[in-house]
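Welcome, and thanks for opening your viewer. Let's take a short walk through this model, one selection at a time.

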Amino acid sequence: MTMETVIPETEVFIVGTGPAGASAAALLSSYNIDNMVINKFSWTARTPRAHITNQRTMEVLRDLGVEAEVMKLASPWEYMGENTFCTSLAGEELGRINSWGTHPQRKADYVVSSPTRVCDLPQNMMEPLLLRAAVPKKTKVKFDTEYLGHVQDDDGVTIDLLDLITGQKYQVRAKYLIGADGGNSRVVSDLDLPLEGKMGVAGSMNVVFEADLTKYVAHRPSILYWTIQPGSEVGGIGMGLIRMVRPWNKWLIIWGYDLKDGPPDVTEEMATDIVHKLVGDDTIPVRIDTTSVWTVNDVHATELSRGRVFCMGDAIHRHPPTNGLGSNTSIQDAFNLCWKLALVLKGQAAPSLLETYDPERAPVAKQIVKRANDSIELFNPIFKTLGLLDTQDPEQMQKNINSIKDATPEGQEQRAALKQAIDNTDVIYNAHGVEMNQRYASSAIISDGTPEPAFQRDKELYHQASSRPGANVPHAWLVKNGRRVSTLDLCGKGGFSLLTGICGKAWVEAAKKVGDSLGINIAVHIIGPGQTYDDPYGDFARLREITETGVLLVRPDFMVGWRANRHTASATEDLYTALSSILGRSDEKIHAARTDQNLDEHAGIPLKDEWI
Ligand SMILES: Cc1cc2nc3c(=O)[nH]c(=O)nc-3n(C[C@H](O)[C@H](O)[C@H](O)COP(=O)(O)OP(=O)(O)OC[C@H]3O[C@@H](n4cnc5c(N)ncnc54)[C@H](O)[C@@H]3O)c2cc1C
């Protein structure tokens, strides 16, 4: 008897259960799309890795319905910000900078920008949480499964896999493939995506350990403590980072190594010694959990997809952890792509919608890789003002550091220069604009002809809300039955939304006609007194940048796709044109049909089979 080979099928196949792959699985599941996700290892990330979770990512997690669970597990914002430079935790402080928006003058910027809060959730806790959100719905997960390669054709992708337990090779057939397979992405190599930059620009080692450091840190809560120790046996200048994993008994030290010497063999003894030196107390009991080495990269892909295969996360942006952008950007890549895949797979959008992933996300990849690498350079002025670059002699370095306490003109100058150098790291630690000011330009963003408004403040440091197409829908607190609801809560969940005012009621009729015509649901929310959602603070009226009869068309990823300043006689037509363009359905056939007849007669124009 011969066994017939059955090739399992799924709609979207995802390589990698990291932040990118796991969030893609959860999002696709939430949109009711069958997907399969694999990991070559037996479980999700075992080490804490990325941790800072910014507000844009929290908005994605809110849309997924897991924000409350994340907040429950995460270390809260209040524990994150007393970023300290010191000679050791037990030693002298050299300076501090309030980080992640925790300075009293910055807090309001963060609070008004989003219904969500920054928090700190280590990657080894985030990944299972995302998979838990995915699996009960439409996701199948397979561990111990290695991606070997793929072939795509007109109808789909055939993926070659290796079961690492049985040693058997097999194939899966999918309509689309996502390469979320990290910084050494095989999918990116197979697609031969163009990469710019350089891999391996510096060496780093991670030491994860348990130690109760409450007495050294609880009075100055932070996720980062920078220690500068000339003469330490490893790491040149001797700058090491002690990063909080769980307050205040689980930690990760990041320590550099010289790439010329190759990765060190980090023994438990060596790791314990590094911990004791950086803490400055060798009586503290320490349990080493794991050690690992990794390299700092400076690479971004300029193209992110080919045909039916899309790459995301570290696969397309590889950079150091400075600014904490890795996992955040990975999750946001998934948020951009997954609703598009869902609509195409449901036959509601043309495949050309998927071509907007590259122009929308490639600039973000480039921007964050540059930001994270430029940020590393901002540490040099700190070393310089401490006199660490002028000599190789550790004793002289220590003397140079000590001179910041001198009551001399030189001491005074050095103190001011050090404070300035630390303040200049603001763009690492409070880069709210980098996190929040994404602006997309593609065929899925329909311009209203207005020019891009200039940023009023530094665009890397400060978020500037805008309702111009290509920007995130501004967050404003509305009120429903006495309770606060964000404008974001009226949008998302895989659907398009229209936000308008009381005088814009005519959009309800327009949305119905256009929705029927295109075969999609469009949620319409009229915001004002006596409506389901009121705007008692007037924040939405201030932020919407359109008249009360106008409308914002919000895409499922919270991006404004189109807006109209007022309701006019051609409103239905304009909405139809905008939405069909976003969906890639403004092809000649539909247009020809549409110009011939009235919109009402075109309810449910079918998508061509071959589009899917
Ligand atoms: C050791 C280490 C320490 C880090 N520390 C920090 C940090 O301190 N702070 C910070 O901000 N960032 C850190 N990062 C970076 C951060 O973890 C990444 O930005 C983030 O994980 C990117 O998510 P991703 O989903 O794109 O990729 P990854 O998290 O790398 O996930 C890739 C996934 O693909 C799977 N995979 C890869 N190849 C295959 C294959 N052929 N077949 C099947 N599965 C495959 C992997 O097993 C994994 O599940 C660190 C990264 C590493 C490796």
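How many bridges join β23 to strand β24 (residues 560-564), and do they run parallel or antiparallel? Select both strands: four bridges join them, and they run antiparallel. Keep in mind as you look that this is a predicted model.

Now zoom in on the pairing. Val-554 has Val-560 as its bridge partner in β24. Between the two strands of this hairpin sit five residues, and there Phe-558 takes a positive phi near 70°.

Next, show the side chains of β23 (residues 551-554). Val-551 and Leu-553 point one way, while Leu-552 and Val-554 point the other way. All four of these residues are buried.

Now move over to the ligand. Select the 29 residues around the ligand; among them, Ala-20, Asn-39, Gln-123, Tyr-147 and Asp-314 come nearest. By type, this shell divides into eleven nonpolar, twelve polar and six charged residues.

Finally, look at individual atom pairs. A polar side-chain atom of Asn-39 lies 2.5 Å from a ligand oxygen. On Lys-40, pick the backbone: a polar atom there is 3.1 Å from a nitrogen atom of the ligand. For Arg-243, an N or O atom of the side chain is 3.1 Å from an oxygen atom of the ligand. Taken alone, the ligand exposes 990 Å², and the protein buries 87% of that.

Technical notes. Residues numbered from 1 in each chain as written. Predicted model: local features only at pLDDT ≥ 70, side-chain atom pairs only at ≥ 80, totals over all residues. Heavy atoms only, no water. Near = heavy atom within 4 Å. Polar contact = N/O pair within 3.5 Å; in protein donor to acceptor, adjacent residues only side chain to side chain. Areas by Shrake-Rupley, 256 points an atom, 1.4 Å probe, with all protein chains shown as cover. Nonpolar A, V, L, I, M, F, W, Y, C, P; charged D, E, K, R; others polar. Buried < 20%, exposed > 50% of the residue type's maximum accessible area, 1.4 Å probe, protein only. Pairing = 2+ DSSP bridges.
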